[in-house]
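Here is a short briefing to read alongside the sequence and the 3D view. Take a moment to look around before you start on the points below.

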Amino acid sequence: MVRRPVAWILAVVLFAEAVGVAALNWFLGIVVDRQDMSLAGLDPDAMSVGSKAGGVVFGLYFALCGVVALLVALRDRAPAGLGRVLLISVAVVHGLLGAFAWAMVGTGAFLFMVAVLGLVVLLLMTYDRLAGPSDAAPAPEGPGQPDKDPAPITPPPAPSPS
């Protein structure tokens with residue numbers, strides 16, 4: 001099946017992306033700090049700290065999404081609850097980043113973002129449940145409730161020719 005390899009690949013890609021995003025923002029924070037220039041009157045130290053903090057936060061976010069993908073790969077079960085929400089949110093983030101990358105960076109970054117978006121969507125869709133929501137909870141039993149297995153309805157006997 002394709003489910004587990006997709007989950008493994010997505011986990012590796014998200015971990016690499018977490019490290020890359022954190023390192024890039026940390027580097028940009030150092031560059032802003034060493035230039036000692038102001039942008040529209042903003043404090044360079046505040047911009048440097050903001051860039052570093054944003055890199056750490058986004059790196060942890062991508063790493064957490066990578067942990068969810070890793071757990072999906074290890075357990076071979078669909079993500080549920082918060083894990084599913086995290087994977088959906090990282091798909092939306094990659095869609096938005098892909099749109100910005102197309103406009104600002106170029107087609108290479110756009111294709112990478114679309115590839116990661118495709119992996120996330122493929123992971124979510126391959127683990128989709130086969131049973132519908134009607135099978136999720138059985139009807140309660142009790143007084144006034146119909147039986148689970150009612151007697152089959154038989155048609156009336158055919159009229160006799162006379």
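Is Ile 88 buried, partly exposed or exposed? This residue sits in helix α3, and the model you are looking at is a predicted one. Ile 88 has a relative accessible area of 41%. Because buried means under 20% and exposed means over 50%, Ile 88 counts as partly exposed.

**Overall build**
- The protein chain contains 4 helices and 0 strands, so reading from the N terminus the order is α-α-α-α.
- Among its 162 residues, 24% count as buried.
- For contacts with a separation of 6 or more, 71% are between residues 24 or more positions apart.

**Inside: the nonpolar core**
- The largest nonpolar core has 24 residues, and those touching the most other members are Leu 10, Leu 87, Val 90, Val 120 and Leu 123.
- At least two residues of this core come from each of α1 (3-35), α2 (44-75), α3 (82-104) and α4 (107-126).
- If you leave out residues up to four places away in sequence, Val 90 touches Leu 14, Tyr 61, Phe 62, Cys 65 and Val 120.

**Outside: the surface**
- The protein chain has an accessible surface of about 11,200 Å², and carbon and sulfur atoms make up 71% of it.
- Ile 88 turns up again here, as part of a nonpolar surface patch with Val 92, Leu 96, Leu 97, Phe 100, Met 104 and Val 105.
- Together, the residues of this patch have about 720 Å² of accessible area.

Note on methods
Residues are numbered from 1 along each chain as its sequence is written. This is a predicted model: local features need pLDDT of at least 70, side-chain atom pairs count only at pLDDT 80 or more; totals for chains, interfaces and linings use all residues. Side-chain values use heavy atoms; hydrogens and water are left out. Buried means under 20% relative accessible area, exposed over 50%, partly exposed in between (1.4 Å probe, protein chains only). Contact means heavy atoms within 4.5 Å. Accessible areas come from the Shrake-Rupley method with a 1.4 Å probe; for residues, only the protein chains shown count as cover. A nonpolar core is a set of buried Ala, Val, Leu, Ile, Met, Phe, Trp, Tyr and Cys residues joined through side-chain atoms within 4.5 Å. Patches are made of residues with over 30% relative accessible area and no salt bridge: like charges are joined within 9 Å, nonpolar side chains (Val, Leu, Ile, Met, Phe, Trp, Tyr) within 5 Å. A salt bridge is a side-chain nitrogen of Lys or Arg within 4 Å of a carboxyl oxygen of Asp or Glu.
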